[in-house]
Amino acid sequence: MSNIIKILSFIRWRTKAIRKITKLFYSFSRNSLQTTNPDSQLESKNLILETLKKEAFVKIKQKNTPNIDIRLLKGIQGKQAFVDVGEKYWPDLKSVVLDILDNTLVSDAVLKYFNKKPWLWNISLNYSEPKNEITGSQLWHFDYGDTKQLHIMIYFNDVDIETGPFTFLNKKLSSSIKRSKFFIERLTDKDLLDTYNIDAQDSAIRLT
C-alpha cells in the first residue's frame, strides 16, 4: 500500500501535465481571484521591473509584518518539506496580503511584469524546521503550471543562514538547466555540479 501511495503522490506532484490541468481547472473556479488595477501606471518603478526581468527577483521592504510565535509550531512538520499553517493564522496573513496588494510599488511592478491583469493563485503561510536531510520541494526544482508566474514572499519571523532561508539561482543559471518534458525535476547540489558545472553553494541567492 505504501508503494502505491508513493506512486500516486509522485504523479500528483511531479507530473507536469497534472500540474497544468490542475491550474487550468482552478483558473475557472472560485479558488483563483483576479486582482489589482490593469490601468495602473508604473511611472518611476522601472528599475524594479528591469531587475525582476533580469534576475527573477527583487527585494521590497514590507512593514507591519505580524510576529508568529514559532514555539507554538514546533514538531508539526513531520516528514514534510514544510507545512502550510495559513488557515490557523489567517487573520494575520490576510492583513499582510492586503497591505501588499494595496502597495502601488508592488502592484505596478506586478502588472508590468505580466503585461496584463494577473490572477492571485495561492496564499499560504509555510513553516519548516531546520533538518539535516532536505526532501521534496526543498531540493532544487522549477515550478510548473503557468507560462509565467511571480512569487511574493514575506518572512513572518527572522531568518538567517542557519534557519533555512528561501534559496534560489538567478535567471541566467536557471535557464541553463535542461528541463524534462514530462516530470518536475528534483536536483541536489551534486546534480547541479556534475551535470551543469554549477556550484550551488557559491551561486545561490539566499533571502535572509
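Trainee: Where does Glu-129 lie in this structure?

Mentor: A residue is first placed by the elements on either side of it. In this predicted model, Glu-129 belongs to the loop that runs between β4 (126-127) and β5 (166-168).

Trainee: Does Glu-129 count as buried or exposed, and why?

Mentor: The relative accessibility decides, and buried means under 20%. Glu-129 has 18% relative accessibility, so this residue counts as buried.

Trainee: Which groups does the side chain of Glu-129 reach?

Mentor: The Glu-129 side chain reaches the backbone nitrogen of Gly-75 at 2.6 Å. A polar contact at 3.3 Å also joins the side chain of Glu-129 to that of Tyr-127. When neighbours within four places in sequence are set aside, the residues in contact with Glu-129 are Leu-73, Lys-74, Gly-75, Ile-76 and Gln-77.

Trainee: How many salt bridges does a search of the whole structure find?

Mentor: The search finds two. In one, the side chains of Asp-69 and Arg-71 meet at 3.0 Å, N to O. In the other, the side chains of Lys-190 and Asp-194 meet at 2.5 Å, N to O.

Trainee: How exposed are the residues of these pairs?

Mentor: Each residue is judged by its own relative accessibility. Asp-69 counts as partly exposed because its value is 29%, while Arg-71, at 67%, counts as exposed. In the other pair, Lys-190 is exposed with a relative accessible area of 57%, and Asp-194 counts as exposed at 51%.

Trainee: In which helix do Lys-190 and Asp-194 lie?

Mentor: Both lie in helix α7 (residues 189-196). Lys-190 and Asp-194 are four residues apart there, about one turn of the helix.

Trainee: Which residues form the largest nonpolar core, and which of them touch the most other members?

Mentor: A core is read by its members and by the elements that supply them. The largest nonpolar core has 17 residues, and Leu-73, Val-85, Tyr-89, Leu-125 and Phe-156 touch the most other members. The elements giving two or more residues to this core are α3, α4 (90-101) and α5 (104-114). With four residues, α5 gives the most.

Trainee: What does Val-85 touch?

Mentor: Not counting residues up to four places away in sequence, Val-85 touches Leu-73, Ile-76, Leu-125 and Tyr-127.

Trainee: Why is α5 described as largely enclosed by the rest of the structure?

Mentor: The description follows from the share of buried residues in the helix. Eight of the 11 residues of α5 are buried, so the helix is largely enclosed by the rest of the structure. Those residues are Val-106, Ser-107, Asp-108, Ala-109, Val-110, Leu-111, Tyr-113 and Phe-114. They pack against α3 and α4.

Trainee: Which residues take a positive phi?

Mentor: The backbone angles are read residue by residue. Ala-56, a residue other than glycine, has a positive phi near 70°; Ala-56 lies in the loop between α3 (46-55) and β2 (83-84) and is partly exposed, with a relative accessible area of 43%. Asn-197 is not a glycine either, yet its phi is positive at about 55°. Asn-197 lies in the loop between α7 and α8 (200-203), and it is exposed, with a relative accessible area of 67%.

Trainee: What does Lys-178 touch, leaving out residues up to four places away in sequence?

Mentor: Contacts can link residues that stand apart along the chain. Lys-178, in the loop between α6 (171-175) and α7, touches Glu-185 and Tyr-196. The C-alpha atoms of Lys-178 and Tyr-196 are separated by 8.9 Å, with the two residues 18 apart along the chain. At 67% relative accessibility, Lys-178 counts as exposed.

Definitions and conventions. Residues are numbered from 1 along each chain as its sequence is written. This is a predicted model: local features need pLDDT of at least 70, side-chain atom pairs count only at pLDDT 80 or more; totals for chains, interfaces and linings use all residues. Side-chain values use heavy atoms; hydrogens and water are left out. Buried means under 20% relative accessible area, exposed over 50%, partly exposed in between (1.4 Å probe, protein chains only). A polar contact is a pair of N or O atoms within 3.5 Å; within protein, one must be able to donate a hydrogen and the other to accept it, and residues adjacent in sequence count only if both atoms are side-chain atoms. Contact means heavy atoms within 4.5 Å. A salt bridge is a side-chain nitrogen of Lys or Arg within 4 Å of a carboxyl oxygen of Asp or Glu. A nonpolar core is a set of buried Ala, Val, Leu, Ile, Met, Phe, Trp, Tyr and Cys residues joined through side-chain atoms within 4.5 Å.
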